[in-house]
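Please look at the sequence and the structure below before reading on.

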Amino acid sequence: MKTLNVSILQFPGTNCEYDTVYAFKKLGHETTLVWHKEESLPEKTDLVVVPGGFSYGDYLRSGSIARFSPVMKAVQAYAGEGGRVLGICNGFQILTEAHLLPGALKRNDNLHFISRIQHLKVVSTDNAFLNRCEEGEVLSIPIAHHDGNYFVDEETLDEMEHNRQILLRYCDAEGEPTVVNGSVRQVAGICNREKNVFGLMPHPERAMESILGSEDGVRMLEGFGLA
């Protein structure tokens, strides 16, 4: 596996950055925390991760303020040049607000915060993120969100399906689709058309140790070092 230089962003209200550091260090990668006021990314960055939490307290709308932080201009430029970016939970919300990923994340349809280990069905593996997984397999990954209801118009969603941009769906233990938060077609994770920007609501960085309930996050994050 190639050793990566992983740049992990940090906003006021981010609370999963150290879990993310731990996850990538466990896989043998180098990590650097990047404060939101920085105007550039570290040299030789191989992967940018926008981690979970409540950037700026989600006071306006999840991810909508963080999207204007200085570092996001550097992230947008990096992604535009083909650099790989992963957004987890609030990071996924930030990437949609920054128009690096299609769609938007709305309030859960039951209006409650959901926190539990959730089954996910792997939909597409021809990408740098999930290449260690098998299509159709069921993973167990923690979720913890209040605004995880993914929405995009039907025409765009059909196009994403055709382009294999749908990566993960919420499901039961047998892999059958299940409604968790109201997401269209039970979408839990997506990528952009170019397949270098990825976003998901579940937390693979919290599924790195069997003692915590699941190691399925290991294979998810390993893919970046193999692609």
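In helix H3 of this predicted model, the residues Asn-90, Gly-91, Phe-92, Gln-93, Ile-94, Leu-95, Thr-96 and Glu-97 are buried, where buried means under 20% relative accessible area, exposed means over 50% and partly exposed lies in between, with a 1.4 Å probe and protein chains only. H3 is therefore a mostly covered helix by this definition, with 8 of its 8 residues buried. Helices (H or I, at least four residues) and strands (E, at least two) are DSSP runs, numbered from the N terminus.

Residues are numbered from 1 along each chain as its sequence is written, and side-chain values use heavy atoms, with hydrogens and water left out. Because the model is predicted, local features need pLDDT of at least 70 and side-chain atom pairs count only at pLDDT 80 or more, while totals for chains, interfaces and linings use all residues.

**Around helix H3**

- Cys-89 is found in the loop between S4 and H3, and its phi is near 55°, a positive value in a residue other than glycine.
- Cys-89 counts as buried because its relative accessibility is 5%.
- H3 is followed by His-99, whose phi is also positive, with a value near 60°.

**Pocket and cavity**

- Rolling a probe the size of a water molecule over the atoms shows where empty space is left.
- On a 1 Å grid over the protein atoms alone, a cavity is a set of points where a 1.4 Å probe fits but cannot get out, whereas a pocket is an open set with protein on both sides within 12 Å along at least five of seven lines; lining residues have an atom within 4 Å of a point.
- Grid points are joined across faces, edges and corners, and a volume is the space filled by probe spheres set on the points.
- The largest pocket holds about 230 Å³ of space, and of the 21 residues that line this pocket, the closest to its centre are Phe-54, Asp-58, Ser-62, His-146 and Asp-147.
- Helix H3 (90-97), strand S5 (104-106) and S7 are the elements that give two or more residues to the lining of the largest pocket.
- The lining of the largest pocket divides into 7 nonpolar, 8 polar and 6 charged residues, where Ala, Val, Leu, Ile, Met, Phe, Trp, Tyr, Cys and Pro count as nonpolar, Asp, Glu, Lys and Arg as charged, and the others, Gly among them, as polar.
- There is 1 cavity of 30 Å³ or more, and about 40 Å³ of space lies in the largest cavity.
- Arg-61, Ser-62, Gln-93, Thr-96, Glu-97, Ala-104 and Leu-105 line the largest cavity, and they divide into 2 nonpolar, 3 polar and 2 charged residues.
- H3 and S5 each supply at least two residues of the lining of the largest cavity, and the largest share, 3 residues, comes from H3.

**The sheet and the helices on it**

- An open sheet is formed by 9 strands in the order S2-S1-S3-S4-S11-S10-S9-S6-S7, with mixed pairing; two strands pair if DSSP finds at least two bridges between them.
- Strand S2 (30-35) and strand S7 (138-145) stand at the edges with a single partner strand each, so one side of each is left without a neighbour in the sheet.
- Strand S9 (residues 166-170) runs antiparallel to strand S10 (residues 187-191) and is joined to S10 by 3 bridges, and Leu-168 stands opposite Gly-189 in S10.
- S9 also pairs with strand S6 (residues 114-122) in the antiparallel sense over 3 bridges, and Leu-120 stands opposite Tyr-170 in S9.
- S9 is mostly covered, as 5 of its 5 residues are buried.

- Val-75 lies in helix H2, and at 0% relative accessibility Val-75 counts as buried.
- Not counting residues up to four places away in sequence, Val-75 touches Leu-9, Leu-41, Val-48, Val-85 and Leu-100, where contact means heavy atoms within 4.5 Å.
- Asp-58 lies in the loop between S3 and H2, and its phi is near 55°, a positive value in a residue other than glycine.
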